[in-house]
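Open the model in your viewer and keep the selection tool at hand. The stops below say what to select next and what is there.

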Amino acid sequence: MTYAERWLLPDGVEDILPEQAARIESLRRRLLDLYASWGYELVIPPLIEYTDSLLIGLGADVDLMTFKVIDQLTGRTMGIRADITPQTARIDSHSLQRDGVSRLCYASHVLYTKPKSPLGTRSPLQAGVELYGESGLDADIEVISLLLASLQCAGLQKLNIDIGHVGIFEALVAASGMDDVQQSELLALLQSKAIVDLNAWLDAAQLDADISAMFKAMPSLAGSRKVLQQATQIFVHAPAEVTSALQELEAIASIIEARYPAAELYFDLSELRGYHYHTGLVFAAFAPGYGSALAKGGRYDRVGEVFGRARPATGFDVDVMALDKILDQSSTSSRAIFVAHDEAEKQWQIISDLRESGETVVCGFAGQQVTDMQLECDRQLVLEQGQYVVKPL
């Protein structure tokens, strides 16, 4: 390897330099402070753990996104986390073992074997919340509300959230009697919204006529709240679970529209992201001009089963670095005080007092001038008539 090649980083892996790092860290702190104000307790799971617990119940997608290594102490396979949600489920089920409601939050890096989008990072900073122990709709409403509050806290002006419910597809599949292979094929067609192929597949599958018609209608049931009214008519003969899911979506629409009138709610009844993982509501936040989801979440009641404690659960995670990129924050000059080299004890006490008051104070070395500083300073500590004073530059 040549000297010129040594500084190269793997594709999708990057340094976060001072200006961006300061913004990201500020955003991370604001989000965690927000979550704490809603009663969510911070947890910091390990970066790596055994795949036996890290991957069980998550499906093949997360498995493929996870780097795996061999533990030199035990010979067992370990994984570098690609998602923090299952780790919080383990903490709730095994480490905390609370009987009542448990609210947990986190903000740490994850690692992907490949980026989720062509120019995406493989080491995003993921912040999020998980609410355990409450199966009622109020829990889902709380986490959706907190997601929108997170976007507001970050400074996002336009709030766009897509909402779906995997229970609709699940109930129709159960009523259709199709096997696992058919279910997987149909799921792929609905996710791709390939309507012509979907209709051809359903005609060939020879399902019940009413069920087939409902499946065919699902891709078109996407849009504003009016979609829910249309769906009620289309699914009039559907299983009771479908009616219940539509009622949940209506209830959420009413409350979220009242709480966040500026938010644009988009309902998509064929949105099946994480179908093998989620068990009810699913949602994702988007921003104009940014192709990938900024945040995603939903209900995932069954994930705790693999840890011996199937607790009701709902939550979301936010891509903090993606949020930073789309906020288009103008570069702000660092407000710092420059202090020329001086060994006087009195000066050191003044410097300490300024730092304790929240000021950034940068001490120059012998012969160094303020113009030599990389960090931009807008003031200087000077000695005038025996007193140290801070003066603008």
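Start by selecting Trp-201: leaving aside neighbours within four places in sequence, Trp-201 is in contact (heavy atoms within 4.5 Å) with Met-178, Gln-182, Glu-185, Leu-186 and Leu-189. Before going on, note that this is a predicted model, in which local features need pLDDT of at least 70 and side-chain atom pairs count only at pLDDT 80 or more, while totals for chains, interfaces and linings use all residues. Residues are numbered from 1 along each chain as its sequence is written, and side-chain values use heavy atoms, with hydrogens and water left out.

**Around Trp-201**

Helices (H or I, at least four residues) and strands (E, at least two) are DSSP runs, numbered from the N terminus. Is Trp-201 buried or exposed? Trp-201 counts as buried because its relative accessibility is 17%; buried means under 20% relative accessible area, exposed over 50%, and partly exposed in between (1.4 Å probe, protein chains only). For a distance check, pick the C-alpha atoms of Trp-201 and Ala-251: they are 34 Å apart in space and 50 residues apart in sequence.

**Helix H10 and the cores**

Next select residues 209–217, helix H10, where Ala-209 is found. Ala-209 has a relative accessible area of 61%, so it is exposed.

Now pick Phe-215. Not counting residues up to four places away in sequence, Phe-215 touches Phe-169, Leu-172, Val-173, Ser-176, Met-178, Leu-186, Leu-190, Leu-198, Leu-202 and Leu-207.

Which residues touch the most other members of the largest nonpolar core? They are Tyr-35, Leu-172, Phe-215 and Phe-235, in a core of 80 residues. H6 supplies the largest share of this core, ten residues. A second, separate core has 15 residues, among them Val-110, Tyr-112, Tyr-300 and Ala-313. A nonpolar core here is a set of buried Ala, Val, Leu, Ile, Met, Phe, Trp, Tyr and Cys residues joined through side-chain atoms within 4.5 Å.

**Helices H2 and H6**

Show residues 18–37 (H2) and 137–154 (H6) together: their axes come within 10 Å and cross at roughly 145 degrees. Axes are lines fitted to C-alpha atoms, for helices over the stretch in contact, and angles run from 0 to 180 degrees between N-to-C directions. From H2, display Leu-27, Arg-30, Leu-31, Leu-34 and Tyr-35; they meet Leu-146, Ala-149, Ser-150, Cys-153 and Ala-154 of H6. By class, the residues of this contact are eight nonpolar, one polar and one charged. Ala, Val, Leu, Ile, Met, Phe, Trp, Tyr, Cys and Pro count as nonpolar, Asp, Glu, Lys and Arg as charged, and the others, Gly among them, as polar.

**The nine-stranded sheet**

Switch to a cartoon view and trace the open sheet of nine strands in the order E1-E5-E6-E12-E11-E10-E7-E9-E8, with mixed pairing. E1 (41–42) and E8 (222–223) stand at the edges with a single partner strand each, so one side of each has no neighbour in the sheet. Two strands pair if DSSP finds at least two bridges between them.

Select E7 (residues 160–165), where five of the six residues are buried. Four bridges join E7 to E9 (residues 264–268) in parallel, and Asn-160 stands opposite Glu-264. With E10 (residues 281–287), E7 pairs in the antiparallel sense over six bridges; there Ile-163 stands opposite Phe-283.

Move to E5 (residues 102–109) and E6 (residues 125–132), which run antiparallel and are joined by eight bridges. His-109 stands opposite Leu-125 in this pair. Helix H5 (residues 85–96) packs on the sheet, touching E5 and E6, and its direction makes about 135 degrees with that of E5.

**Two last stops**

The open three-stranded sheet has the order E2-E4-E3 and antiparallel pairing. Its edges are E2 (48–50) and E3 (67–70), and the twist averages 35 degrees from one strand to the next. E3 and E4 (residues 77–80) pair over four bridges, with Lys-68 partnered by Gly-79.

Finish at E13 (residues 336–339): Ala-336 and Phe-338 point one way, Ile-337 and Val-339 the other way, and all are buried. E13 runs parallel to E14 (residues 360–363), joined by four bridges, and Val-339 stands opposite Cys-363.
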